[in-house]
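Visitor: Hi! Could you walk me through this structure, a bit at a time?
Guide: Happy to, just ask away.

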Amino acid sequence: MIDEQMAVFIGSGLRLAVPIIFAATGEMLSERAGVLNLSLDGMMLMSAFTAALASWATGSPLIGVAAGVLVATALAAVQAVLSVTLRANQLVVGIGFNILALGSTTFLYREIFGPLSRDPIPGFAQLNLPWLAHIPVIGPALANQTGLAYVSILMVVVTWLILKYTSFGLAVRAVGEDPRAADKAGISVAKTRYLGVLYAGILAGLGGAFMSVADSNTFTENMTKGAGYLAITAVIFGGWNPWYTLAACLLFGFATALQFLVPALQLDVPVALLLLLPYLLALVAIAGFVGKSRQPSALTIPFERGG
Amino acid sequence: MAVLELSGLTKRFGAFTALDDISLQIERGEVHCLLGENGAGKSTLCNLVFGVHRPDAGTMTLGGEPFHPRGPAEALQRGVVMVHQHFSLVPNMSVAENLMLGRASAVLKPQDIIVRMEQLAAEYGLEIDPEARIEDLSVGERQRVEIIKCLLGDPQLLVLDEPTAVLQPDEIDALLAICRQVALRGKSVILVTHKLGEISRVADRTTVLRQGRIIETVAMEGADIRSLVRSMVGRDVQSAGSVLAAAVDIEGKTPVKPSGDAGPASPGEAVLEISDLVYRDPHGVPRLDGLSLTVGTGEIVGIAGVEGNGQTELGLILAGLAAPSAGAIVVGGTSVGGCSPQEITDAGVGIVPEDRHAVACIKELSVAENLFLGAIGKFSRFGLLDKSARRKAAEAMMRDFDVRASSPDVSMASLSGGNQQKAVLARELSLDPLVFLLAAQPTRGLDVGAIEAVYNRIRAARDDGLGVLLISSELEELMAVSDRIAVIYRGKLVGELAAGSFSREAIGAMMSGHAHV
């Protein structure tokens, strides 16, 4: 009984961590290039909605994911124009996007699906990987995930490789740390930052699409519930390092999953407190880690060439 | 054959013409010096050649082909490289990573860079550890990395913007030798400086700039140094005295006290006593490591040292902008270590901080407001500000200290650097009580006329019985103004010289850590 509940807990913890892993990994790269996308949550929400809509309309969850990623990337492109080219305040732009995303998805959802619709949406089946299932305790939880969940881990590896072993990664780090030096070394600061923001958009799109098409097979109003903000927190918590960021995302995922485990174990803890837990953790993480781990020196500072 | 040819180049910033109709040829294999005072347009010219700025008029050709770089990337592609006054290295990356930055290849190949570094080390004697982090390197080493970065791609033209300002004397010699090596291999070098001493040692030709115009271009063989100085400052060096000679560092000329200077008033009782001062930065690195120093009344004590050896931190602590980790500071009998800036001011300390723009004044406020920044209450009547009284007081102060501005109500930002600094000096020297003055890099970025004014003010303050601590990276300045020079190295004083026994060699040796013999 306990074992079974543990398996469910681990499985749901992983599942809940996946969208945060996607978003945080992309955001980490963008922040290493010096651009903070506070609009991450909005990108995820727009993608979740678009993926649900496209999957519902075409019957193909794959097309759904593609549509979601496309919309999130388009949003990222606008964010990049505003924060890189027009040098707008990145925080203000981000907040604006999030409000726009929440308002527009809620409106369109009610128009298209009708209020409080619970129509199921064609989604991905869970893979069943027998070679993983044999691992004790965590095996069954690891083996029964959708393909996208494995992609999220793959993206962490890819992002780490990019940052460490490619000249694009080196350019990203240089541009986020000392854009003036990078510029004088012949690197296009704007181009590098655009690519960074678009990368964040693609991954946030995957994360958002995962929520509607791969996880819950439905769309609900404000279904991200601040996952984008948690992802930004995870990047800080993880000290802008891909592996520590992954660890922070898993922590948030499992903290969220406690709301299923604790009642199942019939422990007397208010559910409201459990719902609050990941956000409380995020607050503690920010309070404890901001300033201690070194952020990219040029984070949120627009670049302007000068003498 | 000319590598670079400029004709009719003009560059304006708003209403200010930084460069006016510049025509110039740089030959293959020559070291060409650009000489001029601050603001003469040297850096602007370099930035045009390197594509940082674009000219408003005129044309450039490189190797016979039209050359109009739209950015540094394009200049680099054409074989023009530049070492900037402020280094462009990413501090928390390794040497090898910095060298790989911006070089085409999708996947990083650190091994290739290390091989190339070994070649350059053999060819030019430029050795450095590829794994070292930039932030752990000395200023001289960082500059070496910059030069290696420039030479990696086998350039045609190397531009060095004020490369010697941050170096100690033996590093300057090494740099000039490298310049010659580079020129010997058929590349051209543009060396920007306002120091004549360096020019005569390394240049083939020199172009003198003044107020954005070319005054003359001369071959250095058999050139008359004095006439170069005249072209540079637009007046006779003799009439300006030794201060000017010191400011431009004329080779072989030992700075002497100007006639009429009575020399040090015999220093009286100690007005500043620092004992065993220790300061650790937020990372725990000791920046000051048991420094002890005494300044008497009527005495100017100069602090010499290569930048980054603790003099900046000493200035910050004396100004109350950083708290010492250990040790004591006593001014006129009052302990001020770790006190707030207000308490330090009340103890009679005037401060001319190193960073004029960030700390000494509020550029958006008016000159009058800046002059009485610390004494707002003085012009308050029943809680209201008496602006006309303040205006009158400001006018008097501006007259006394020769601060040139159209009115006390114009913003500080509209003043030249020299006048801003004179305003800061006016404010600090008008404090009451006043027993001690700290002047940190007081002439940085000023033109020769303003430098003289600042020196005269500091000397006058000394003659009035003030103790003065002068922190400067300009050796010539220290030798011309100080009564005593103490040399700082790695957060400690390593030696002291009294006026009359100053020598570049002795101070230079101590600056690099060799204790005074």
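Visitor: Is Leu6(B) buried or exposed?
Guide: Leu6(B) counts as buried because it has 22 C-beta neighbours inside 10 Å. The cut-offs are these: a residue is buried if 20 or more other C-beta atoms lie within 10 Å of its own, exposed if 12 or fewer, and partly exposed in between, with C-beta atoms placed from the backbone. This is a predicted model, so local features need pLDDT of at least 70 and side-chain atom pairs count only at pLDDT 80 or more, while totals for chains, interfaces and linings use all residues. Residues are numbered from 1 along each chain as its sequence is written, and chains are lettered from A and ligands numbered from 1 in the order in which they are written.

Visitor: Thanks. Where does Leu6(B) lie, and what is it in contact with?
Guide: Leu6(B) is in strand β1 of chain B, residues 2–13. Helices (H or I, at least four residues) and strands (E, at least two) are DSSP runs, numbered from the N terminus. Leaving aside neighbours within four places in sequence, Leu6(B) is in contact with Ile22(B), Ser23(B), Leu24(B), Gly58(B) and Met60(B). Being in contact means that the C-beta atoms of two residues, placed from the backbone, lie within 7 Å. As for Ile26(B), 20 residues apart from Leu6(B) along the chain, the two C-alpha atoms are separated by 8.6 Å.

Visitor: Let's go to the core. Which residues have the most contacts inside the largest nonpolar core?
Guide: Those are Ile20(A) and Leu470(B), in a core of 242 residues. Such a core is a set of buried Ala, Val, Leu, Ile, Met, Phe, Trp, Tyr and Cys residues joined through C-beta atoms within 7 Å. Helix α10 of chain A (residues 189–215) gives the most to this core, 14 residues.

Visitor: And what does Leu470(B) touch?
Guide: Beyond its neighbours within four places in sequence, Leu470(B) is in contact with Ile300(B), Val301(B), Gly302(B), Ile303(B), Ala439(B), Ile458(B), Leu478(B), Val481(B) and Ser482(B).

Visitor: How many residues of chain A are in contact with chain B?
Guide: On chain A there are 20 residues, in contact with 22 residues of chain B. The largest share of chain A's side, six residues, comes from α8(A). By class, that side has eight nonpolar, five polar and seven charged residues. Here Ala, Val, Leu, Ile, Met, Phe, Trp, Tyr, Cys and Pro count as nonpolar, Asp, Glu, Lys and Arg as charged, and the others, Gly among them, as polar.

Visitor: Tell me more about α8(A). How many of its residues are buried?
Guide: 10 of the 11 residues of α8(A) are buried, so to speak mostly covered. Among the buried ones are Phe168(A), Leu170(A), Arg173(A) and Glu177(A).

Visitor: At what angle do α7(A) and α8(A) pack?
Guide: At about 80 degrees, with their axes 5 Å apart. Axes are lines fitted to C-alpha atoms, for helices over the stretch in contact, and angles run from 0 to 180 degrees between N-to-C directions. The two helices are therefore roughly perpendicular. Angles under 35 degrees count as roughly parallel, over 145 as roughly antiparallel, 65 to 115 as roughly perpendicular and the rest as oblique. Ile162(A), Leu163(A), Lys164(A) and Tyr165(A) of α7(A) meet Phe168(A), Gly169(A), Val172(A) and Arg173(A) of α8(A).

Visitor: What about α16(B) and α17(B)?
Guide: Those pack at about 10 degrees with axes 9 Å apart, so α16(B) and α17(B) are roughly parallel to each other. Their contact has six nonpolar, three polar and two charged residues.

Visitor: Which peptide bond is cis?
Guide: The one from Asp432(B) to Pro433(B) is cis, with omega near 0 degrees. Pro433(B) is found in the loop between α16 and β19 (436–440) of chain B.

Visitor: I'd like to check backbone angles too. What is the phi of Asn222(A)?
Guide: Asn222(A) has a positive phi of about 50 degrees although it is not a glycine. Most residues other than glycine have a negative phi. Asn222(A) sits in the loop between α10 and α11 (227–237) of chain A and is partly exposed, with 14 other C-beta atoms within 10 Å.

Visitor: And Asp402(B)?
Guide: Asp402(B) has a positive phi of about 55 degrees, and lies in the loop between α15 (387–401) and α16 of chain B.
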